[in-house]
Amino acid sequence: MSAELLNGNQLAKRVRSQIRRKLKKLTFTPGLAVVQVGNDPASTLYIKHKQRDCEKVHFHSEVHHLPADIHQDTLIEHVEALNARTDIHGILVQMPLPQDIDKEAVIDKITPHKDADGLNPVNLGNLVINRERVTPCTPTGIIRLIELTGEPIEGKHAICIGRSPLVGKSVGLMLLNRNATVTYCHSRTVDLAAEVQKADILVAAVGRPEFVIADMVKPDAIVIDVGINHVNGRAVGDVKFEEVKEVAGFITPVPGGVGPMTRAMLLENTLKLAIGG
Ligand code: NAP
């Protein structure tokens, strides 16, 4: 039997309509600033998508394109100038940054009240103590996709492959906050396949094409594929979609699953920050 597809494009469209409705009650326009350092082509494409999304919901957006050889202090000054602007409510520093820049030092300087990606230590700390407000975009989008199944999260065994703050670690915390039993797998996990087979909810955020194969997946599991890997000019997920869809109960496609929801959650976070201060 084939798994039910969790369509991120459709869900993201619904989120944008809700945002447009909420916007009608506002007397000002929410503003998002994206900071790009260097010319990474994938980043340029992601930013273009984010700008297009902002247009769709009538947000103000601006891209601050800074040179790859920028000094870290100058980048931080730029972020601080954005912190001070009253017309900018959300700030996102596009990753990856050049290797000689300490990305944590930069994220530290985004004021938590404008941290559109929810990655500032204050917002991550709030996530740890189950006081979720602005949570990282990809994990939040993943939770929405899981909710779309109509299955309760509480009591489920959730397994996250990957433990980055951007995805794996944060989505694990969000699942824990919703009373799932959570296991993290990573590069040092012993017998990963045996662990993964226990998952009612499986989040694959590994960054390795088609890492999860059908034999690792529990029948009827909810499988969320976060991976975006470029193989022979096309985007491939971390899950071997064609065979895993025959075992899973629900599955996200790549593209069209987590990606559009990540962007929709960026809009939602920006609106939240604009309204809440
Ligand atoms: P990351 O920081 O590189 O983290 C990858 C994680 O996978 C690490 O925790 C690593 O373990 C683990 N891992 C790597 N190889 C492994 C192996 N052989 N066995 C078990 N675990 C392994 O990547 P990320 O930023 O979390 O992103 C993960 C993927 O999601 C990437 O493909 C990225 O492009 C994609 N992504 C998609 C979106 C979206 O919107 N769709 C957003 C963000 C990221 P260690 O910690 O032990 O090194």
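In which helix does I107 lie?

Tutor: This is a predicted model, in which local features need pLDDT of at least 70, side-chain atom pairs count only at pLDDT 80 or more, and totals for chains, interfaces and linings use all residues. Residues are numbered from 1 along each chain as its sequence is written, and side-chain values use heavy atoms, with hydrogens and water left out.

I107 belongs to helix α4, residues 103-109 (helices are DSSP runs of H or I with at least four residues, numbered from the N terminus). I107 counts as buried because its relative accessibility is 11%, buried meaning under 20% relative accessible area with a 1.4 Å probe and protein chains only. Leaving aside residues up to four places away in sequence, I107 touches M95, L119 and N120, where contact means heavy atoms within 4.5 Å. Between the C-alpha atoms of I107 and R131, which are 24 residues apart along the chain, the separation is 20 Å.

A side-chain N or O atom of S164 is 2.5 Å from a ligand oxygen atom. For R163, a polar side-chain atom lies 2.8 Å from an oxygen atom of the ligand, and T262 likewise places a polar side-chain atom 2.8 Å from a ligand oxygen. Of the 920 Å² of accessible area that the ligand has on its own, the protein covers 71%, by the Shrake-Rupley method with a 1.4 Å probe.

Key
Helices (H or I, at least four residues) and strands (E, at least two) are DSSP runs, numbered from the N terminus. Buried means under 20% relative accessible area, exposed over 50%, partly exposed in between (1.4 Å probe, protein chains only). A polar contact is a pair of N or O atoms within 3.5 Å; within protein, one must be able to donate a hydrogen and the other to accept it, and residues adjacent in sequence count only if both atoms are side-chain atoms.
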